[in-house]
Amino acid sequence: MPEPDDDLDDLSVGPPKTWATGVPAVAHALKYALGRTSPRRTALALLNINQDGGIDCPGCAWPDGDPGHRHLNEYCENGAKHITDEATTRRLTREFFARHTVTELAARSDRWLNQQGRLTEPMVKRATSDHYEPIGWDEALTLLADELRALDDPDEAVFYTSGRLPNEPAFLLQLFARAFGTNNLPDCSNLCHESSGAALNETLGIGKGSVTLEDLHDSDLVFVVGQNPGTNHPRMLSALEETKRRGGSVVAVNPLPEAGLLRFKHPQKARGVIGRGTTIADQFLQIRPGGDLALFQALNLLLLRAEDEAPGTVVDRDFVERHTSGFDVFSDHIRSLDWAHVLAATGLRRDEIEEVHRRVLGARSVIVCWAMGLTQHKHGVATIREVVNFLLLRGNIGRPGAGVCPVRGHSNVQGDRTMGVWERMPQAFLDALGKEFGFTPPSRHGLDSVDAIRAMRDGRAHVFVGVGGNFVRATPDSEVTERAMRGCRLTAHISTKLNRSHTVPGRTALILPTLGRGDRDVQAGGEQFMTVEDSMSDVHATRGRLTPAAPDLLSEVAVISRLARKVLDGKPEIDWASFEADYDVVRDRIGRVVPGFEDFNRRVRAPGGFTLPNPVNRRTFPTPTGTAVFTANPFSRLTAPAGHVILQTLRSHDQWNTVPYADDDRYRGIRGGRRVVLVNADDLAEFGIAEGDLVDLVSMWDGDGVERRAPGFRTVAYPTPRGSAAAYYPETNVLVPLDSVADGSNTPTSKAVAVRLVPTVTPGGGRP
Ligand SMILES: Nc1nc2c(c(=O)[nH]1)N[C@H]1C(S)=C(S)[C@@H](COP(=O)(O)OP(=O)(O)OC[C@H]3O[C@@H](n4cnc5c(=O)[nH]c(N)nc54)[C@H](O)[C@@H]3O)O[C@H]1N2
Ligand SMILES: Nc1nc2c(c(=O)[nH]1)N[C@H]1C(S)=C(S)[C@@H](COP(=O)(O)OP(=O)(O)OC[C@H]3O[C@@H](n4cnc5c(=O)[nH]c(N)nc54)[C@H](O)[C@@H]3O)O[C@H]1N2
Ligand SMILES: [Mo]
C-alpha cells in the first residue's frame, strides 16, 4: 500500500525517555493546536474540556473526578491534540474533491488525508465516476435508503460504529438497525475490549469494570498490565500518582519499558513542573508478549501454596464459599502448572514473580488495570479470566480499593454498548426495546467487525454504513478488507474528517459530514447536549461550544433519524422527527428501555451526572449460577517460528487510532518517521541486520498459509524482549490475518503477528 507522504528521510532515533508528561507535553499540545486552529478556538475548546457543562474530552474514556475537584485544565496533551484536530479551521470543500480523483486520494497517507480539514457538505461518488461530487442531504439519504430497501434481506446491510458516538445517536442507530430488521451492529469494541467483555461477562456476569477513581486512589496495590498510559490515558497517571501518595504501590507488566510507567511529571501541579516527578512503577515486569496468562497462573499457584502453608490466611475462604463457584476445578488445574513453562512463556525470573507475590500478600486491596496488551491476543479472553481468578482468590472484588479495571479506549465505547450497539444484545434488552417501540427486534445474532468483512468479501453483505471511525484502517488484513469494501453496492460514512475509508468506495459511495463533539448543536427544540459513559460507568453530559465547522452539517442524531424515516416509512410507527428536534425525547425513551437510566433527563443534569450501579460491587453476580465463576484456563504461550519475531502493532504518541497527527513518538525517542520496527539488538545481530537497515515485514500464518508483506520499515534497536518486535498501527494492519482472532471474542490478534524481517529490495534490484 503506497504511503508517499511518509518520508523516511526525516527519521531520527534517540534513546527512549524514562519519564512522561510535563511542561514539554503541554507546550507540544499548544504548538500542535496553534498550527491548526485560531488561538480563540483553541482557548474555547480547551477551557471547556471535561468541565461541568462543557464538552467531554473525545480523547479517551478515562473518568473526570468529582466536579469540585477538577483542575481548570482537566485534559491531557493528547486530549488537547485530539480536540484541536477536530476544531481545525481548515475546510474540505467541493473544489478539493474536484481537484483530486478518488484513486489519487487513496494513494495519500492517513495523516495527509486527516490534515485536509473538516468535511463540509455531503458528497457522492457515483458508479461511473472517479470523483466525489456534491449532493444534497435529501438526495443523499434517499439514495442510501433506496439501496437499503432494495436488499433481499436486512442482514445484507452492515452498520459499523466507532466509540466516539454519544449515547443518544448510538441508541437511535441500534433502534433503526433493529427496526430495519438486523443485528448487524459491529463496532470498534470488537477490535478493542471485546475480550474483556467476554471474560468478565462469563466470570462476573457484567462485562464492565468494577472500580471507581476513589478505589484506585485508595488501593494498596495496582497492576497496570498491557497498557501505555503515558500516551493513551495520560490522566490515569495522575490517579496512580495519588495511589502512591496514599501509600499504595504499582506493578507494571509490559514488554516495553514505557515512559509513563516508569516516571511521571504532573503537568498541572508545581511539583510536576519543577521536580523530578513520581516514580510510578514500584516493580516493572518486562514480560514476553502473551506471557500474562502464565504470569497470573503462577501468581495463583503461589497464593494456593501459601494458603496450604498457613491455612485460612491467604485465600478469602468466606468470600470464595459464599460468592463463587468452580474453585476446586480451578485449583486442581493450577496445581499442575509447570514452572519451566511459566519462565519460558513470561521471560521473567522466578524471584521477580515471587516478589510480586509478596506484594500481593501484603496488600489488603488489589486492582488490575489492563488494555490492548491483553485483549488482542489469541488467548486474551483466557488471560482476563485468569486475572479474575487472581482477584477472586483474595476477595479482591466488590470491596473498596479492589476490582477489575479494563481501561477503555474511545470516549463512549462503553456507553455505546450500554445503549445496545452490539451484534449480540441479550434477549431481555431486545424485548424491552420491542415493547417500547411496538415491534419485534430480530433475535438472530448479527455480524461483528471480522464477520462483517467476511460477509462483504463473500458477497453476503452489500451495503456498509459507518457512523464514525475508519473501518478499512481499524480492521486487520487491509488488502482483504479493502477488496471487501470495494465489492459493496454502496458504502456510506458519517464522518467529521476525511480518512482512508472514504477512498476505498463501494460501487457508489457517500460521505455524510457531521457535527463534531466540540460543535454547538442547535435543533428545532433549541440548543442540545448529549451524554457519554466513561470507563468507570459515570454517565454525564457533553455540550459543544464552537461554531459548527460548516452551516450544512447535520448532527448524528439528525442523520440517523432522517435516514430511518426514509427507510422505514412509518413501519414501525416511531416519531423520528421528535428525536431530532429535542434530544430529551430520545433520553426519555432510553430511560424506559435501558436499565439504570430511569429518570435520565433529570439525573444527567445534576453536576457530574450519575454513576450506573455495578451489581458486582454489592457482590451480586448476574451469572447463570448467581456466583462469580473461577475458571480453569489451559496454559498457552506464544512462540515465533524459527527466523521470526512476534510483532505487536501499537500506537505512537502522536496518533489517535488510525489517524497519525505527526510522525513523532517522543517517549520512545523516535522522530520524523512512522515506518519503523523496534527490535531487540541481539535479534537484529542474529538476523544479520544492522540498525537503520530498511526491511520488509513479512507475516506468515499457519492458519491460511498466506504470506503478507508490509514493505520498507527502518529497524530500530529497542529494549523489547528477545523474539519480539513492535511497529505502528495502522501501517501494519496489512500483516494481521483476518482469521487470526482471539478465542471467545473474535478480536484480531493485533498484538501477536509472527513476522520475519526481509531486507528491502529497491526497484533497481539492490539494497538501498
Ligand atoms: N493518544 C491516544 N490515546 C488513545 C488512543 C490513541 O490512539 N491515541 N486510542 C484509544 C483506544 S481506542 C484504546 S483501545 C486505548 C489503547 O491503549 P493501549 O492499550 O495502551 O494502546 P497500545 O498502543 O495498543 O498499547 C498496548 C500496550 O500493551 C503492551 N503490550 C503489548 N503486548 C503485550 C503483552 O503481551 N503483554 C503485556 N503485558 N503488554 C503488552 C505494549 O507494549 C503497549 O504498552 O487508548 C485510547 N487512548
Ligand atoms: N493493528 C491494530 N489494529 C487496531 C488496533 C491495534 O492496536 N492494532 N486497535 C483497535 C482499536 S482498540 C480500536 S478502538 C479501533 C479504532 O477504530 P475506529 O474507531 O474505527 O477508528 P478511529 O481512528 O478512531 O476513527 C477516526 C475517524 O472517525 C471520524 N470521527 C472522529 N470524530 C467523529 C465524530 O464525532 N463523529 C463521527 N461521526 N465521526 C467522527 C473521523 O472521520 C476520523 O477519521 O482500531 C483497532 N485496530
Ligand atoms: Mo480501542
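Reader: In β30, which residue is the bridge partner of V677?

Author: The bridge partner of V677 in β30 is T715. Please keep in mind that this is a predicted model.

Reader: How many bridges join β28 to β30, and do they run parallel or antiparallel?

Author: Four bridges join strand β28, residues 676–679, to strand β30, residues 707–717, and the two run parallel.

Reader: What do β28 and β30 belong to?

Author: Both strands are part of a closed barrel of six strands. Its order is β24-β31-β28-β30-β29-β32, and the pairing is mixed. From one strand to the next, the twist averages 45°.

Reader: Which domain does UniProt list for residues 646–753?

Author: An unreviewed UniProt entry lists these residues as "domain: Molybdopterin dinucleotide-binding". In the model, the span 646–753 is 6% helix and 36% strand, and its end C-alpha atoms lie 5 Å apart.

Reader: Let us change topic to β16. Is that strand mostly covered or mostly exposed?

Author: Strand β16, residues 490–495, is mostly covered, since six of its six residues are buried.

Reader: Which residues point which way from β16?

Author: L490, A492 and I494 point one way, while T491, H493 and S495 point the other way. The residues of both groups are buried.

Reader: Which strands pair with β16?

Author: One of them is β15, residues 463–467, which pairs with β16 in the parallel sense over five bridges. In that pairing, H493 of β16 is the bridge partner of G466. Another is β17, residues 508–513, which runs parallel to β16 and is joined to it by six bridges. There, A509 in β17 is the bridge partner of T491.

Reader: Now the helices. At what angle do α15 and α17 pack?

Author: Helix α15, residues 292–309, and helix α17, residues 327–335, pack at an angle of about 105°, and their axes are 9 Å apart. That angle makes α15 roughly perpendicular to α17.

Reader: Which residues make the contact?

Author: From α15, the contact is made by Q297, N300, L301, L304, R305 and D308. From α17, it is made by F327, F330, S331, H333, I334 and R335.

Reader: How do those residues divide into nonpolar, polar and charged?

Author: Five residues of the contact between α15 and α17 are nonpolar, four are polar and three are charged.

Reader: Another topic: which peptide bonds are cis?

Author: One of them runs from K571 to P572, with omega near -5°. P572 lies in the loop between α27 and α28. Another cis bond joins Y729 and P730, with omega about 5°. P730 lies in the loop between β31 and β32.

Reader: Which residues other than glycine have a positive phi?

Author: Among them are D477, with phi near 50°, and S537, with phi near 65°.

Reader: Where is D477, and is it buried or exposed?

Author: D477 is in the loop between α25 and α26. Its relative accessibility is 5%, so D477 counts as buried.

Reader: And S537: where is it, and is it buried or exposed?

Author: S537 is in the loop between β20 and β21. S537 is buried because its relative accessible area is 4%, and the cut-off for buried is under 20%.

How values were computed:
Residues are numbered from 1 along each chain as its sequence is written. Chains are lettered from A and ligands numbered from 1 in the order in which they are written. This is a predicted model: local features need pLDDT of at least 70, side-chain atom pairs count only at pLDDT 80 or more; totals for chains, interfaces and linings use all residues. Side-chain values use heavy atoms; hydrogens and water are left out. Axes are lines fitted to C-alpha atoms, for helices over the stretch in contact, and angles run from 0 to 180 degrees between N-to-C directions. Angles under 35 degrees count as roughly parallel, over 145 as roughly antiparallel, 65 to 115 as roughly perpendicular and the rest as oblique. Contact means heavy atoms within 4.5 Å. Ala, Val, Leu, Ile, Met, Phe, Trp, Tyr, Cys and Pro count as nonpolar, Asp, Glu, Lys and Arg as charged, and the others, Gly among them, as polar. UniProt positions are given in the numbering used here, feature names are shortened, and annotations may be inferred rather than shown by experiment. Buried means under 20% relative accessible area, exposed over 50%, partly exposed in between (1.4 Å probe, protein chains only). Two strands pair if DSSP finds at least two bridges between them.
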